[in-house]
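Hi everyone, thanks for having me. Please take a look at the model on the screen, and I'll walk you through a few spots.

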Amino acid sequence: EKRQRCLAPRFTPAADDKDHTADGLLRWTIGSGITMLSDPHGVLVYGTGSGVWACGTVLSKYLCTKPELCQGAVCLELGAGTGVVGLTALTLGARTVVLTDVEAQLPLLRRNVEENRLPPRA
């Protein structure tokens with residue numbers, strides 16, 4: 001079931017948002033059901049953590065094809081940026097996911113956790 005929900009995640013504009021923005025942030029839905037916000041205009045953050053990198057998309061897609069790698073796992077995402085990989089792992093059944101980044105990038109990371117109704121712990 002989790003694998004089917006997650007197969008071939010694609011970033012598509014959120015269907016329920018006419019202009020695909022939330023407070024100046026772009027809102028996207030990944031095939032796994034995760035809502036991601038990116039910040040190309042520097043509303044909350046600047047630099048490398050403001051958007052999803054291609055490698056994050058590739059790793060998320062890979063994990064979706066092998067959900068058993070995440071089930072029950074403890075995951076640490078260093079330099080999480082938007083948190084796409086860690087949130088994918090959590091969706092696939094990871095027991096614990098810790099998302100980290102430099103202080104300046106945390107506002108967007110926290111918003112993505114909130115968008116997905118996940119309780120922040122730090």
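This is a predicted model: local features need pLDDT of at least 70, side-chain atom pairs count only at pLDDT 80 or more; totals for chains, interfaces and linings use all residues.

Residues are numbered from 1 along each chain as its sequence is written, and side-chain values use heavy atoms, leaving out hydrogens and water.

Back to our helices, which are DSSP runs of H or I with at least four residues. The axes of α2 (residues 54-65) and α3 (residues 84-91) cross at roughly 10° and come within 9 Å; axes here are lines fitted to C-alpha atoms over the stretch in contact, with angles from 0 to 180 degrees between N-to-C directions. Who touches whom? On the α2 side we have Gly56, Leu59, Ser60, Leu63 and Cys64, and they meet Val84, Val85 and Thr88 of α3. Contact means heavy atoms within 4.5 Å. That set has five nonpolar residues, three polar and no charged; Gly counts as polar and Cys as nonpolar here.

Next, Gly47, in the loop between β4 (35-38) and α2; a strand is a DSSP run of E, at least two residues. Is Gly47 buried or exposed? Exposed, because its relative accessibility is 51%, and the cut-off for exposed is over 50% (1.4 Å probe, protein chains only). Its C-alpha atom is 8.5 Å from that of Gln105, 58 residues apart along the chain.

Methods. Buried means under 20% relative accessible area, exposed over 50%, partly exposed in between (1.4 Å probe, protein chains only).
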